[in-house]
Protein chains: 2
Amino acid sequence: MDFSFLAKRYYRELTENVIPFWLRHSMDEAHGGYFSCLLSDGEVYDTDKFVWLQARQVWTFSMLYNQLECNPNWLDFALHGARFLEAHGRDEKGDWYFSLTRDGRPLLQPYNIFSDCFAAMAFGQLARATGSEKQREIAAVTFQRITERRGNPKGIYEKAVPGTRPLKSFALPMILCNLVLEIEDALPGELVEETIEECIREISGDFYDPGKGLLFEHVAPDGKFVNSFEGRLLNPGHAIEATWFIMDLAARKDDESLMEWAVQTMLNMLTYGWDEKYGGIYYFMDARGYPPQQLEWDQKLWWVHLEALVALLKGYAFTGEPECAIWFEKLHDYTWQHFPDPNHGEWFGYLNRQGEVLLHLKGGKWKGCFHVPRALFQCARALEQLIH
Amino acid sequence: MDFSFLAKRYYRELTENVIPFWLRHSMDEAHGGYFSCLLSDGEVYDTDKFVWLQARQVWTFSMLYNQLECNPNWLDFALHGARFLEAHGRDEKGDWYFSLTRDGRPLLQPYNIFSDCFAAMAFGQLARATGSEKQREIAAVTFQRITERRGNPKGIYEKAVPGTRPLKSFALPMILCNLVLEIEDALPGELVEETIEECIREISGDFYDPGKGLLFEHVAPDGKFVNSFEGRLLNPGHAIEATWFIMDLAARKDDESLMEWAVQTMLNMLTYGWDEKYGGIYYFMDARGYPPQQLEWDQKLWWVHLEALVALLKGYAFTGEPECAIWFEKLHDYTWQHFPDPNHGEWFGYLNRQGEVLLHLKGGKWKGCFHVPRALFQCARALEQLIH
């Protein structure tokens with residue numbers, strides 16, 4: 001592989017095809033914040049503001065400013081979203097709403113803590129760029145609330161009857177181990193280390209099935225398999241994304257066996273999730289091969305493929321495992337043939353199983369400015385590492 | 001069209017291919033109630049009991065006993081499910097849980113009132129078969145709770161912030177106008193008439209857009225269009241199912257203009273929802289042609305096609321509108337070519353846009369014993385009416 005050529009390609013896609021799309025189309029000059037519901041050509045088709053997507057966009061432009069280029073337009077753009085979030089994003093308890101109207105009135109209550117996780121990430125990353133104590137404080141206070149709510153993240157909106165079938169969710173440790181690094185500056189050092197150790201233990205212990213070599217989305221509190229729709233659920237993209245978080249942590253801890261576990265688990269999930277007939281990675285699967293309850297199970301989603309590219313390149317850069325390179329070439333080809341839109345910029349998000357564009361949008365309620373730029377940046381960095 | 005031949009075909013499918021499938025595969029001898037998660041060949045792949053599906057199955061076998069044939073096996077089968085529901089289905093307030101474990105322990109709280117609606121229908125229909133005062137009482141008490149909860153059907157699980165964007169949902173008047181007829185014997189006559197009038201007013205007034213001739217899923221409390229994902233949402237199958245409820249009510253009231261409205265609206269929804277490329281009716285659409293938030297929007301679902309067949313035949317039998325016959329032939333061909341499974345009985349539920357089977361199941365969390373037998377029965381009856 002020509003790592004140098006590839007690194008340039010990933011950087012160029014990021015800076016010429018993706019960043020300009022969001023700068024050009026998503027700014028709401030009148031009411032602040034960003035539009036995320038954008039058609040293929042960037043036309044706004046809905047003006048609701050989804051807090052987690054607002055926060056992800058603030059994070060993205062702050063991260064690019066901090067790590068790629070000190071471009072003042074990017075910082076201004078991040079601050080534009082942060083002001084909107086600060087003014088309208090929280091309820092009286094300090095929890096972050098799920099969604100707001102265009103002018104910032106609350107639409108959906110803080111019924112989970114994912115808005116909060118991304119808000120904390122956004123203000124943490126932004127504070128690194130600005131040095132603002134106030135922004136750091138928002139990140140720290142939000143993290144405090146996440147910790148308080150962690151035992152019952154859905155709060156009063158939890159529909160499960162307590163006690164009958166307790167389950168814990170992979171999403172929480174996965175996001176926490178990434179989050180504490182993002183807002184490290186705003187947290188006590190030992191809290192960061194404790195959280196990381198606890199998350200690694202849960203992910204590689206409780207959510208991992210050593211017999212199958214796979215990561216599950218939900219398990220019993222003690223890590224046991226639960227034979228139900230939720231308990232059988234696999235989300236290959238989600239698990240693969242987590243493995244590169246773990247690889248970064250393994251590198252940080254200089255823990256070789258954790259690194260090997262993460263790379264091997266990533267390859268297992270990829271092999272299990274690959275569609276042999278049409279190519280691409282399935283969205284949802286049942287660990288026993290039964291029909292999943294998610295009707296969209298066989299669709300090919302942008303973030304799944306991008307996060308897998310990151311994981312493969314990091315795995316290759318960290319360990320030199322040849323399977324990573326073989327899989328990367330195959331997945332790179334599929335991804336670049338199907339998702340980018342050279343006409344209008346940004347990438348399509350949703351393909352059907354056959355690989356045709358299913359929704360002609362660049363953003364919506366669940367896709368914003370996050371996975372494409374983050375993954376292109378992470379891939380480019382890993383490729384640079386491989387050059388040397 | 002050879003109505004007599006078709007009527008026989010629909011009856012035969014019901015009695016030889018569908019009823020036997022459920023009798024054979026869905027009975028839980030050990031714990032009571034029914035399995036609804038069944039693979040193509042009837043194998044049970046999950047044992048959770050979804051209250052609304054349990055209730056729908058009790059209703060179906062009671063209805064068949066009452067209206068098709070006084071077969072004591074069918075009544076026993078209905079009673080088998082009713083005993084399970086009576087023993088395990090309700091919380092201390094008398095609200096019906098969403099789901100239970102195989103042995104009846106509650107899993108998901110009564111977070112909406114659809115379990116309750118189908119429980120009321122089930123016990124109302126069963127009471128007609130048995131004459132049981134106790135069953136009639138369960139239907140009446142459940143209806144009372146539905147009425148009390150109607151203003152806030154999700155109760156404490158409602159995630160919308162009050163006041164920002166109030167919306168009302170088409171599902172509620174649609175199900176209520178059907179429900180009051182089902183449990184007529186257990187309700188005061190004037191309550192039945194009032195509810196019917198109110199539902200007709202809401203459906204044909206508030207949820208109907210006269211400019212487009214379409215029925216919307218959510219509108220403002222005063223019936224105005226709300227430009228949001230929920231406000232733009234169309235569900236052709238859902239609206240078409242409602243039109244045949246309205247046709248039955250129009251016949252009952254001898255209201256010709258309401259009948260014409262229902263038939264025309266059904267044809268409008270069908271034309272709007274038809275997939276010109278691959279055939280079949282889309283699941284979800286956006287009234288302005290924007291990407292819907294439902295990723296499964298282009299799939300072809302069994303109940304959508306079956307309810308549309310019922311609506312077309314009723315429309316034709318009631319009014320003789322030739323468009324109904326033309327559409328019926330086209331839809332009948334598509335439906336019978338794609339959904340039935342002559343090998344193992346019952347019908348497949350979920351096809352992709354191209355018409356291929358997407359999930360190899362006969363039942364799951366959202367498909368049970370209800371739409372296929374009800375629609376086959378209703379079609380056969382309408383066809384008989386057309387013979388004479």
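Let me begin with a cysteine: the sulfur of A:Cys177 lies 5.1 Å from the closest cysteine sulfur, that of A:Cys199, which is too far for a bond. Please bear in mind that this is a predicted model. A:Cys177 counts as buried, because its relative accessibility is 1%.

How far is its sulfur from the closest cysteine sulfur? The distance is 10 Å, the partner is A:Cys199, and this is again too far for a bond. With 0% relative accessibility, A:Cys117 counts as buried.

I turn now to helix α12 of chain B, residues 322-338. Its 17 residues should span 24 Å at 1.5 Å a residue, and the C-alpha atoms at its ends are 25 Å apart, which agrees. At the start of the helix, a side-chain oxygen of B:Glu321 comes to within 3.1 Å of the backbone nitrogen of B:Glu323.

Which residues of α12(B) are buried? They are B:Cys324, B:Ala325, B:Trp327, B:Phe328, B:Leu331, B:His332, B:Tyr334, B:Thr335 and B:Trp336. In an α-helix there are 3.6 residues a turn, so residues three or four places apart point the same way. The buried residues of α12(B) pack against several elements of chain B, including the helices α1 (3-25), α10 (256-273), α11 (302-319) and α13 (371-387). The strands β12 (300-301) and β13 (350-351) of chain B also belong to these packing partners.

Finally, the two chains. Chain B is superposed on chain A by a rotation of 180 degrees with 0.0 Å of shift along its axis, at an RMSD of 0.0 Å. The two copies are therefore related as by a two-fold rotation axis. The same surface serves both copies, with 100% of the contact residues of chain B recurring in chain A.

Key:
Residues are numbered from 1 along each chain as its sequence is written. Chains are lettered from A and ligands numbered from 1 in the order in which they are written. This is a predicted model: local features need pLDDT of at least 70, side-chain atom pairs count only at pLDDT 80 or more; totals for chains, interfaces and linings use all residues. Side-chain values use heavy atoms; hydrogens and water are left out. Helices (H or I, at least four residues) and strands (E, at least two) are DSSP runs, numbered from the N terminus. The expected span of a helix is 1.5 Å times one less than its number of residues. Buried means under 20% relative accessible area, exposed over 50%, partly exposed in between (1.4 Å probe, protein chains only). Contact means heavy atoms within 4.5 Å. A polar contact is a pair of N or O atoms within 3.5 Å; within protein, one must be able to donate a hydrogen and the other to accept it, and residues adjacent in sequence count only if both atoms are side-chain atoms. A disulfide is a pair of cysteine sulfur atoms within 2.5 Å. Copies are superposed by least squares on the C-alpha atoms of residues with pLDDT of at least 70 in both.
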